[in-house]
Structure formats: C-alpha cells, structure tokens
Amino acid sequence: MSYEPALIAALDRALTWIAQLCGGATLIFMTGFSVWNVLIMRKVLNAPITGAEDLLILSLVVIVALSIPFGARAGAHIEIEVLEARMSTAFAKWSMIVVKLLGVALLFFMAWRLWHAGGTASKFGETTQQLLISYEPFYYLLAASVAIYAVVILLDIWQLLRSGEVVKLKLGNDPL
C-alpha cells in the first residue's frame, strides 16, 4: 500500500463526501420530483407542475458539476493509452506530464470563461424557459468544478513526479 499525502487524502474525503451527500440528495430530488410530476400530477390529475423541466435540467447540471472532479480522482475519465506500451518508461512519464499540463491550462481557461459567463448571465437574460431561474449560480458551480478538476490533475502531476505513478481514489472494496 502506497503512502498518500495529507492534501490528497483530504481532497479525496471532501470529494467523496460532496459526491455522496450532495449528489445523492440531488438524485433523490430528481427521482421523487419526476415520479410526482409525471405519474401523479400529469397522468392522474392532468395538471403537470409548471417549470418541472427547468428544475430537472438544473438538477442535471448540479450532478454533472459534482461528478467532474470526483470522477477525475476516481479514474472514471477515459484515457487512451495506444502508444504507451511502445514508449520507454521515462518518455511515457514525461509525455503524460506534458499532456496533463496542457489539460490543466485548458481547464483553468474553461473555469475562467465559465466564471465570466456567470457574471454576465443575468445581464444578458440567461434564464430557464419557464421559471426564469438565472443560470448564474450554475455557471459558478461549473467553474468551481472545472477548477477543482484542474487541481486534481496538478496533484496527479505531482504524484507522477514524486513516484512515477498516480494513486487514484479507492471506491468501496475496489482491489485496484
């Protein structure tokens, strides 16, 4: 079992807690609200809830925002390693570091643009269709999520430089 620095362990605990508690609560809301709106309000009473689609779409945005950094730490994102078997270990390590640095730059740029979009959302009337809920806080949530993803990749780079491998978040009884 490898040593895990305190910063990475704290990040893992925070991401797991947020994903389970907030993501779970959002999924419970989406499931209950969908059942209530579709089966009871629409089918039985013929009176669907106005703006239900808006709330469900915004709930999906929250789920995506919560899952981006958690998925990065757990190794859920796809990596295509076609040429790695043909590379020397040193070249593979440094090419991975360069690619991850490019990813960090792109993610910080995305976070900055999302934050900027959040600041201008209400000015330009970016709202949901029926309830006119501003997209501003959701842009900020996505910006924070993408920025945390960039920090996760920076910690991956640090692990690569330190030990040559990235230790991912362990989920349940996962032996990997």
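Leaving aside its neighbours within four places in sequence, which residues is aspartate 54 in contact with? The list is Thr128, Gln129, Gln130, Leu131 and Leu132, where contact means heavy atoms within 4.5 Å.

A quick word on what you're looking at: this is a predicted model, where local features need pLDDT of at least 70, side-chain atom pairs count only at pLDDT 80 or more, and totals for chains, interfaces and linings use all residues. Residues are numbered from 1 along each chain as its sequence is written, and side-chain values use heavy atoms, with hydrogens and water left out.

Back to aspartate 54, which sits in helix 2, residues 52–74 (helices are DSSP runs of H or I, at least four residues, numbered from the N terminus). Aspartate 54 is buried, meaning under 20% relative accessible area with a 1.4 Å probe, protein chains only. Yet it has no salt bridge (a side-chain nitrogen of Lys or Arg within 4 Å of a carboxyl oxygen of Asp or Glu). The nearest side chain of opposite charge, arginine 42, is 11 Å away; Lys and Arg count as positive here, Asp and Glu as negative, and His and the chain ends are not counted. What aspartate 54 does have is a side-chain polar atom 2.8 Å from the backbone nitrogen of leucine 131.

Now for helix 4. Its 28 residues reach 41 Å from first C-alpha to last, close to the 40 Å expected, which is 1.5 Å times one less than the number of residues.

Methods:
Helices (H or I, at least four residues) and strands (E, at least two) are DSSP runs, numbered from the N terminus. Buried means under 20% relative accessible area, exposed over 50%, partly exposed in between (1.4 Å probe, protein chains only). A polar contact is a pair of N or O atoms within 3.5 Å; within protein, one must be able to donate a hydrogen and the other to accept it, and residues adjacent in sequence count only if both atoms are side-chain atoms.
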